[in-house]
Amino acid sequence: MSILVAKMFEADMSEFQFVFSKDACVKTCIYFAVMYIAVMFFNTISISRYKLINLLNANKKNEKVKIKNPFVCIIVFLGAVTLLRICILESNRRCK
């Protein structure tokens, strides 16, 4: 992953070192477990409010995704890509 990002930003990787922090790994696992348990708890509460028949028939109900205006979505996407490219070019210019 870092190689891909380095090539994207044309960074110098000659002095790259991989560092692994055990403390950060432990904290990440603990925080993930806390979030997982919290989400599991709240989902249990929200699912318990539904009737069993509604849960069994839920896959038969279709939900249509509607894009409000595809033209606007395309324009926003192209604008975001353009701004990202400008930022990359400015970053490269400042590094030189």
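1. Ser46 lies in helix α2, in a model that is predicted rather than determined by experiment. With a relative accessibility of 31%, Ser46 falls in the partly exposed class, because that class covers what lies between under 20% (buried) and over 50% (exposed). Its C-alpha atom stands 41 Å from that of Val19, although 27 residues separate Ser46 and Val19 along the chain.

2. On confidence, the protein chain has a mean pLDDT of 84, with 95% of its residues at 70 or more. Among the elements of the chain, α2 has the highest mean pLDDT, 94, whereas helix α1, which spans residues 2-8, has the lowest, 72.

3. Taken along the principal axes, the box filled by the C-alpha atoms is roughly 65 × 45 × 15 Å.

4. As for burial, 3% of the 96 residues of the protein chain count as buried. The accessible surface of the chain amounts to about 9900 Å², and carbon and sulfur atoms account for 68% of that surface.

5. A nonpolar patch on the surface is formed by Val26, Ile30, Tyr31, Phe32, Val34, Met35, Tyr36, Ile37 and Met40, which together have about 990 Å² of accessible area. One of these residues, Tyr36, sits in helix α2, the element that covers residues 22-48. Tyr36 has a relative accessible area of 52% and is therefore classed as exposed, since the cut-off for that class is over 50%.

6. How many aromatic pairs does a search of the whole structure find? The search finds two, and one of them joins Phe41 and Phe42 in an edge-to-face arrangement, with 5.4 Å from centre to centre and 65° between the planes. Phe41 and Phe42 are both exposed, so each has a relative accessible area over 50%.

Conventions: Residues numbered from 1 in each chain as written. Predicted model: local features only at pLDDT ≥ 70, side-chain atom pairs only at ≥ 80, totals over all residues. Heavy atoms only, no water. Patch = residues over 30% accessible without salt bridge, like charges linked within 9 Å, V, L, I, M, F, W, Y side chains within 5 Å. Areas by Shrake-Rupley, 256 points an atom, 1.4 Å probe, with all protein chains shown as cover. Salt bridge = Lys/Arg side-chain N within 4 Å of Asp/Glu carboxyl O. Helix = DSSP H or I, 4+ residues; strand = E, 2+ residues; numbered from the N terminus. Buried < 20%, exposed > 50% of the residue type's maximum accessible area, 1.4 Å probe, protein only. Phe/Tyr/Trp six-rings, centres within 6.5 Å; stacked < 30°, edge-to-face > 60°. pLDDT = per-residue confidence, 0-100.
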